Amino acid sequence: MRVALLGCGVVGSQVVRLLHEQADDLAARIGAPLELAGVAVRRLGRKRDSEVDPSLLTTDAEALVARDDVDIVVEVIGGIEPARSLMLAALADGKAIVTANKALLAEDGATVHGAAKRHGGDLYYEASVAGAIPLLRPLRESLAGDRVRRVLGIVNGTTNYILDKMDTTGASFTDALEEAQSLGYAEADPTADVEGFDAAAKAAILAGLAFHTRVTAADVHREGITEITATDVASAKAMGYVIKLLAICARSDDGRSVGVRVHPAMIPRTHPLAGVREAYNAVFVEAESAGQLMFYGKGAGGAPTASAVLGDIVAVARNRIAGVHGPQESTYADLAVHPMGETVTRYHVSLDVADKPGVLATVAEIFAKHDVSIRIVRQEGHGDDAQLVLVTHRATDAALSATISGLRELDIVRDVTSVMRVEGEESS
C-alpha cells in the first residue's frame, strides 16, 4: 500500500516517524507493507521534526495525488483550499482519503462525502476531533445500533488549559493565555481556540455522526472564553462549580431536532468532565441503551494526532486489500437544527445591585414575568459592592435573554456582570 502525505508539519512529521518506526508491525496488521510514495510540502528547505528522505519531498501536491501508484492520500495541511481540491481529485481517481481537517469537514463536508460516495472511496477522519482519543469511530460504528441522546465534551485543549489555570491559581484570562502560549499550548494568534471556532467545527462533526444528520459549522451556536473573568471563576468555585468551554450536541425531547452549541458553562465539580485538567480533552456520551460513556485523553499534539491518523491508514489499507469500503456518511435522519433561542438549560446570573430593601423581590418579579424560575439566590458584599447571584431552573435561551433585558431597565440593577449557562447537573 503506497501512501501520499500532504503536509509535513507538526502532525505530518510524526506520521512519517510512525510509518518508519512501526513498519513491520503495521505490515503485519494490514497484510501488506506501507510505503511512503511522496510528501507534499510548501518549502523544500525547511527543517522538520523527523527525518524525511529528501527524495520524497515535492512542492507539487497535485502531481503527487495524481500518481497511479498511490493508494492512500493522507491530508494534514488543514484549511479549505487546496485541501478540498486535492481530496476531490484523489477520490475521483479511486484513492482512499485519511484526513485530520476539521475545518473542511465542518464547512463543506457534504462535498467531500459526496465525492467519496460517488467514486466508492473511503473517507476516514478520526484525527479531526480530539486527537488520539478514539471517538468518531465508536460514534459511527460501535454505537450504530444505539440511539445517542447527547454528546457533551471538552474538545479544545488550549481553552481547557486556560480555564484550568484560572480555576487552580486564580490567574486572569490574559495571564493564563500567556502561560499557555509560552508552553506551546496556544498559538501566537489564539483566536480560533479562545473564540470557539475550533470547538465549533468539532461539534459539527460530532453532531453529524451522533444524530445521522448533516451539521455544518454555521449551524453551531458559538461563544468563546475571552469574557470570562477571575471573578466568574471564583464565584463558580464558591458554589461548587468549575467553568469549562463545552461542545454540546443534544437531541430534543421530542426527537425531531438537535441543538449544537459551543460556549463556556459551569458544571458541578462532581461531574466527570470537571476533573479534566491541563490541555486534555474528554467527551461524555449519553445513549439510550449504552448509558453514559466517557472518552478521555490527549486531544492535540503531533504524536497523539498522528496515532489517530495511523489508525485510519490501517483501516483503509485493510479495506483496499479486502476489496471493500468503510461506512459512508449517514444523514438519513435529516433532523432540523433548532436555534439557540429554543435551547433549554440552567443559568448563573450575577447582578451589581443597589443594597436596599426590596431588591430581591423586584428582581424575582422580572424573572417570573418571563417564566424563568429561580433555584438558588445569594447576596455577596454590601453597599457599593453588593452583588446578587442567582441560579435558575431550566429555561429557554430566549426567555433568559428577555429577562436580562428587563433587568437592565431596573434602576436598582447597576450592571449585569455575568450570565453563564449551567450544564451537567443531570449527569453528575
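Predicted model: local features only at pLDDT ≥ 70, side-chain atom pairs only at ≥ 80, totals over all residues.
**Entry 1: helix α7**

I began with the length of helix α7 (residues 157-169): at 1.5 Å a residue its 13 residues should span 18 Å, and the end C-alpha atoms are 18 Å apart, which agrees. The expected span here is 1.5 Å times one less than the number of residues. Helices (H or I, at least four residues) and strands (E, at least two) are DSSP runs, numbered from the N terminus.

Residues are numbered from 1 along each chain as its sequence is written, and side-chain values use heavy atoms, with hydrogens and water left out.

Next I looked up how covered α7 is: eleven of its 13 residues are buried (under 20% relative accessible area, with exposed over 50% and partly exposed in between; 1.4 Å probe, protein chains only). Among them are Tyr 161, Ile 162, Leu 163 and Met 166.

What do the buried residues of α7 pack against? I found β7 (148-154), α8 (173-182), α9 (191-194), α11 (230-238), β9 (241-251) and β11 (280-287), with contact meaning heavy atoms within 4.5 Å.

At the N-terminal end Asn 156 is the cap, with a side-chain oxygen 3.2 Å from the backbone nitrogen of Thr 158. After α7 comes Gly 170, with a positive phi near 80°.

**Entry 2: strand β16**

I moved on to β16 (residues 387-392), where six of six residues are buried. Gln 387, Val 389 and Val 391 point one way, and Leu 388, Leu 390 and Thr 392 the other.

Which strands are joined to β16? I found β14 (residues 344-353), antiparallel to β16 with five bridges, and β15 (residues 374-380), also antiparallel, with six bridges. Two strands pair if DSSP finds at least two bridges between them. Leu 351 stands opposite Leu 388, and Glu 380 opposite Gln 387.

β15 and β16 make a hairpin with six residues between them, and Gly 381 in the turn has a positive phi of about 80°.

**Entry 3: the parallel sheet**

Last, I traced an open sheet of six strands, paired in parallel in the order β3-β2-β1-β4-β5-β6. Its edge strands are β3 (57-58) and β6 (123-124), each pairing on one side only. Inside the sheet, five bridges join β1 (residues 2-6) to β2 (residues 35-40), and Leu 6 stands opposite Ala 40.

How values were computed
Polar contact = N/O pair within 3.5 Å; in protein donor to acceptor, adjacent residues only side chain to side chain.
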